[in-house]
Amino acid sequence: GALVARAARVWRSLRSLVDHDTLSDGHYTGTTLWKMVAPDRIEYQTRGDGDGVIIGDRRWDKPSGPGPWQETSQVSVRQPVPDWVSAVDARLLGTDLVHGRPAWRISFFDPGTPAWFTILVDKATLHTVDVGMTATAHFMHDVYGPFNAPIRITPPR
């Protein structure tokens, strides 16, 4: 539990983060590339389902294919933050290598989502580099990085 809390604190201190997300319900699988810049900028590209940009309290969405961006209001979001709300019954499952670097494999339940998580946390940086989530009717796998890269998110033109 202490490792999960430390990893969450590191996550919240990031200036930017890239997330390669795969979400499935067992029939349909979607992939999305997320870019996040603290404190409130998000850009995402969903393969075949459209793109979006969120900056503060504004949002722009573009369906896949031709067509203009649509601007709307948005409740401001804070990013980057972990995918989980809390960690209950956390267990250290062992050590793996991720890109040649040692990482802890940790499993826990998040009653706030609710979902089971298995995360890989880089031992040297405490960056969460991989997240697997199992929830009712869907499964998610995220691979994270780069961390704190010089990413610029601007309104679409």
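**Reading the pockets of a predicted model**

The lining of the second largest pocket divides into six nonpolar, three polar and three charged residues.

Trainee: How is empty space in a structure found?

Mentor: Rolling a probe the size of a water molecule over the atoms shows where space is left empty. Keep in mind that this model is predicted.

Trainee: What is the volume of the second largest pocket?

Mentor: The second largest pocket holds about 170 Å³ of space.

Trainee: Which residues line the second largest pocket?

Mentor: Its lining consists of Val-98, His-99, Arg-101, Ala-103, Asp-122, Thr-125, His-127, Val-129, Asp-130, Val-143, Tyr-144 and Phe-147. Two or more residues of that lining come from each of strand 8 (101-110), strand 10 (128-135) and strand 11. Strand 11 gives the largest share, three residues.

Trainee: And what volume does the largest pocket have?

Mentor: The volume of the largest pocket is about 300 Å³. It is lined by 16 residues, and the closest to its centre are Asp-19, Trp-34, Gln-79, Asp-83 and Met-140.

Trainee: Which elements give two or more residues to the lining of the largest pocket?

Mentor: They are strand 1 (16-24), strand 2 (29-37) and strand 11 (138-147). The largest share is that of strand 1, with four residues.

Trainee: How does the lining of the largest pocket divide by class?

Mentor: There are 10 nonpolar residues in the lining of the largest pocket, along with two polar and four charged ones.

Definitions and conventions: Residues are numbered from 1 along each chain as its sequence is written. This is a predicted model: local features need pLDDT of at least 70, side-chain atom pairs count only at pLDDT 80 or more; totals for chains, interfaces and linings use all residues. Side-chain values use heavy atoms; hydrogens and water are left out. On a 1 Å grid over the protein atoms alone, a cavity is a set of points where a 1.4 Å probe fits but cannot get out, and a pocket is an open set with protein on both sides within 12 Å along at least five of seven lines; lining residues have an atom within 4 Å of a point. Grid points are joined across faces, edges and corners, and a volume is the space filled by probe spheres set on the points. Ala, Val, Leu, Ile, Met, Phe, Trp, Tyr, Cys and Pro count as nonpolar, Asp, Glu, Lys and Arg as charged, and the others, Gly among them, as polar.
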